[in-house]
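Subject: The structure for you to look at

Hello,

Here is the structure I promised to hand over. Please open it and keep it beside you as you read.

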Amino acid sequence: MSLVRTLETLDRRWIFLIVGLLVLIPLIWPLPLPLTVSRRVQGFHDAIESLPDGSTVLMSCDWDPSGKPEMQPMTRTALRHLFSKNCKVVVTVLWNGGPGIVDEQLRFVADEMGKKYGEDYVNLGYKAGNEAVMVLMGQSIASTFPRDIRGGVTADYPIMKKVRNYSSFPLLVSISSGYPGTKEYVQQVQGRFHIRMIAGVTAVSAPEYYPYLQSGQLLGLLGGMAGAAEYEKARGESGGATRGMVPQSFAHLFVAFCILAGNGVQWLKRREAHA
Amino acid sequence: MKREFPLLVTALIGFFMILSFFVPHQAVSVPADFLQVCAVIVVAFGYVLGGANALRVNFDAIYKRQPGWPYKIVLVVSLLAMVIVGAIEGKGFQGEGTRFTWMYERLYSPMSATMFALLAFFIASAAFRAFRIRTLEAGLLALAALIVMIGRVPIGDWLTGALPPNLRLSAIQEWIMDNPQNAAKRAILIGAALGVMSTGLRVILGLERSYLSGED
Amino acid sequence: MAGSNAVRFARRAAALAIGIALLAPPALAQNAPAGPPSDTTSAAASSVLAAPAPASGLTWSDVPNDAGRAVDLQWTASPGEAESPGSVTLYVIERALLPGGPWSEVDSVPAGTLGRTDGTVRRNTDYYYRVTAVGPGGRTPALSVTGPVTARSHWFNDTRWSVLVFIMLFFAFVMWFVWQAQSGKKPFVRRIAGIDAIEEAIGRATEMGRPVLYVPGIQDIDEIQTVQGLIILESVAKLTARYQTPITVPVAYPIPFTIAEEMVKSGYLHAGRPEAYDPNSVRFVSPEQFAYVAAITGIMLRDKPAAHIFMGSFFAESLLLAETGFATGAIQVAGTANVHQLPFFVVACDYTLIGEELYAASAYLSGEPKLVGGLKGADLMKILIILLVVVGCALETAGVHWLTEAMRAQ
């Protein structure tokens, strides 16, 4: 069988194997690669950095385990950043598969930084209703989430004493991997309640939010694992996202190679046919 | 009346919610907020309906020994286990250290992440198989794709580090994303938004009524 | 009348005087010096911090375009902020129904912040406000009280008038062309290859004796794309009934599931073959994204449908569906308005409906004049938007901003 025919009918499992190795090997033997912080990520960083110490911030973590590789690093870094400024964080989750994994991140970072549940942070858990929940929060957060993820009464927590609705927060941080998420918050909340907003989203959906950045509705944006890695660099940290940059780089190079190789095979095939 | 009444309700509530966007007065905003709360409750009840449906369909399939029926037993057992364990745990069932959380972290979470991880492999195979450059436009698309793919990761700057900053791959990909990509995306979004409005208007006015039931 | 005005004025003046009389002694007492320091206490006295100077100039305005639930408050900082930094740590906003109190704390802001919106007021109710400067040395209320402050409800949000104009125009265009189409002037609609390919795909499945797989998207009925996907399903079901090809419709949510059942049943009814309808053709799967896609890929690999039709809202699962579908050798037609998934469908499917082509599909397939008329109305609206974009860009380039400002909505 000619090389062209072999490549044309190549079992895609060979491609899967190569991708697997390209991702696995750099994870075991990391390589350093330069990272530049883009202005979108810098905007995200600066929006949190400019908060007065001790502010209470609303963080909506709308993702579930499927989005973990991209969302976990940015969630953890953002929480560390907020806690380092002694900010208090009120967390909501609008994805039904999300509360558990979001709580895991909160506990991880809070334990690391010695923060206390109910005083420094609270996880209000999941509420069904998508955009309707976002709009209801504009009336009262405590009424929309009467109990938190641990079953306690929301209004009884010290952190919630001064929290009423969106006007109680100087900043909304939306970490989202789809619907409902950042886009719905921009459409339903940002313009209506005039709250400053930053977002962390998946790489595939990040371009969708560039118009909101340009219009000033979003002050900063983290796009996927690369955005999370840049944010870690801006914070002087080196976490999961930074470690993931080399495997991601190799995977991207391989996909680029696949595009060129696939077309090369077709070109060779046409040449053989003409010959 | 079977079709007319739902159409009338749809029209009234549809126009009322549009009105609530423009009229902040309590005569409109208070009922609109009430309708939002109703929407939240209906969505929540939808899950109850969904669970009951899932059980009904799968019990039926198991009883009739349809193809793949052993897997349906696994599905039903998993569904009931999560619901029963969660109910036993009570209010704080998603808290740290509960059995529900154990099942979530050890079963649901890895499975969900694994399915999403499949995308990385499928993208590579789709790129090899299907991304064909047959026309000038496809060639430009491929060029932009290559620049953006490599420019968005650190290796792009590493490869073009010797060039001036605004000629490096990351700068070029940022220009592509900020300008032509943004413009095209906005155009598609505007078109899609008009499509949404058009469909919504057809539904509200009852021009589009096939979703109610099939009989005219 | 003059007499009653005078009485009203006198009452208000008296109320204000009472308020000042109640406020002044504590304020003055807090600011009063502690008496001449003795020899033994002079060192200690000089280290006791003085209460901060009061804030002043509290003004209010009704928050516009709301239901009378909020007022904006602005004040001038305490001189202590500039003169002795650290002497003021907080400003506490207090509110009462009468100028003399009793006062309740509404909110507090850190020093440096000179404005706050009170969103807890009741509409058409008179309130009185004062701002108290708080620091390590104590609390100092402002020397005057501001009021009466009343929040009023508004009937129209005037920042959204441009949106209203657009919506009215859009409705007018659509209704005009619907009326025209119903009068016999059906507008021309260009061919949409993806929609034409649906019948071709079903025909191919019939020839191969294999079923058709139809996926109406992954979202619930509140998403318009799902509504559209279900509307198209009726036309597809009609075709499959006519060609006597089985159809499988896996659905993610309960409400679309019941509607999908109705659509398929209706399709078979309109094709004149109600007896051929199989109740098991529509299956409720799961709202969980990857459980749903696992079930669909399972159907693809086991049942091997010859035609896959994806019409609706899709997210990350789009490439999983399309690539797995390709591996089975099926012909694939997709349509979605989720822009971030379009590249995957374009690469992996034979035909793709992009954005609003999905919304045009039901009109295109049914050919009903009133639906096709709606398409033309939307197209005319698009032309208007293009003109506005061009004019707006030209004006902005020339430094003229009135159009952009006029179009800005909140």
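Predicted model: local features only at pLDDT ≥ 70, side-chain atom pairs only at ≥ 80, totals over all residues.

**Where chain A meets chain B**

Start with the contact of chain A and chain B. Chain A puts in 67 residues, and chain B puts in 49 residues. About 5100 Å² is buried between chain A and chain B. Carbon and sulfur atoms give 64% of that area.

How many salt bridges are there between chain A and chain B? The count is five. One to look up is the pair of Arg39(A) and Asp178(B), with the closest N and O atoms 2.4 Å apart. There are also twelve residue pairs in polar contact between chain A and chain B, both residues being at pLDDT 80 or more.

Several helices of chain A take part. H2 (12-28), H3 (39-49), H5 (99-113), H6 (131-137), H9 (210-215) and H11 (240-274) of chain A each supply at least two residues to the side that touches chain B. Which of them gives the most? H11(A) does, with 17 residues. By class, the side of chain A that touches chain B has 35 nonpolar, 19 polar and 13 charged residues.

**Where chain C meets chain B**

Chain B also touches chain C. Here 60 residues come from chain C and 56 residues from chain B. Together chain C and chain B bury about 5300 Å². Of this, 74% lies on carbon and sulfur atoms.

The count of salt bridges between chain C and chain B is one. Arg129(B) forms a salt bridge with Glu323(C), and their closest N and O atoms are 2.3 Å apart. Ten residue pairs are in polar contact across the interface of chain C and chain B, both at pLDDT 80 or more.

Helices supply this side too. Among the elements of chain C that give two or more residues to the side touching chain B are H4 (161-182), H6 (224-243), H9 (317-327) and H12 (369-397). The side of chain C that touches chain B divides into 39 nonpolar, eleven polar and ten charged residues.

**A helix pair in chain B**

Now look inside chain B. H3(B), residues 69-89, packs with H4(B), residues 99-130. The angle is about 145 degrees, and the axes are 8 Å apart. From H3(B), the contact uses Ala81(B), Met82(B), Val85(B), Gly86(B), Ile88(B) and Glu89(B). From H4(B), the contact uses Arg99(B), Phe100(B) and Met103(B). These residues of the contact divide into six nonpolar, one polar and two charged.

**The sheet in chain A**

Chain A holds an open sheet of six strands, with parallel pairing. The order is S3-S2-S1-S4-S5-S6.

For one pairing, take S2(A), residues 88-93, and S3(A), which are joined in the parallel sense by four bridges. Val91(A) has Asn123(A) of S3(A) as its bridge partner. H8(A), residues 182-193, packs on the sheet and touches S1, S2, S4 and S5 of chain A. The direction of H8(A) makes about 165 degrees with that of S5(A).

**A sheet in chain C**

Chain C has an open sheet of three strands in the order S1-S2-S5, with antiparallel pairing. S1 (56-62) and S5 (115-118) of chain C are at the edges, each with a single partner strand, so one side of each has no neighbour in the sheet. The twist from one strand to the next averages 20 degrees. S2(C), residues 71-76, runs antiparallel to S5(C), and four bridges join them. Gln74(C) has Gly115(C) of S5(C) as its bridge partner.

**Backbone spots to check**

Most residues other than glycine have a negative phi, and most peptide bonds are trans. Here are some exceptions.

- Tyr179(A) and Pro180(A) are joined by a cis peptide bond, with omega about -10 degrees. Pro180(A) lies in the loop between S4 and H8 of chain A.
- Gly101(C) to Pro102(C) is also a cis peptide bond, with omega near 5 degrees. Pro102(C) is in the loop between S3 (90-96) and S4 (104-110) of chain C.
- Arg65(B) is not a glycine, yet its phi is positive, about 55 degrees. Arg65(B) lies in the loop between H2 (26-63) and H3 of chain B.
- Lys304(C) is not a glycine either, and has a positive phi of about 50 degrees. Lys304(C) is in the loop between H8 and S12 (307-311) of chain C.

Best wishes

Conventions
Residues numbered from 1 in each chain as written. Chains lettered and ligands numbered in written order. Heavy atoms only, no water. Contact = heavy atoms within 4.5 Å. Buried area = accessible area lost by both parts, 1.4 Å probe. Salt bridge = Lys/Arg side-chain N within 4 Å of Asp/Glu carboxyl O. Polar contact = N/O pair within 3.5 Å; in protein donor to acceptor, adjacent residues only side chain to side chain. Nonpolar A, V, L, I, M, F, W, Y, C, P; charged D, E, K, R; others polar. Pairing = 2+ DSSP bridges. Axes fitted to C-alpha atoms, helices over the stretch in contact; angles between N-to-C directions.
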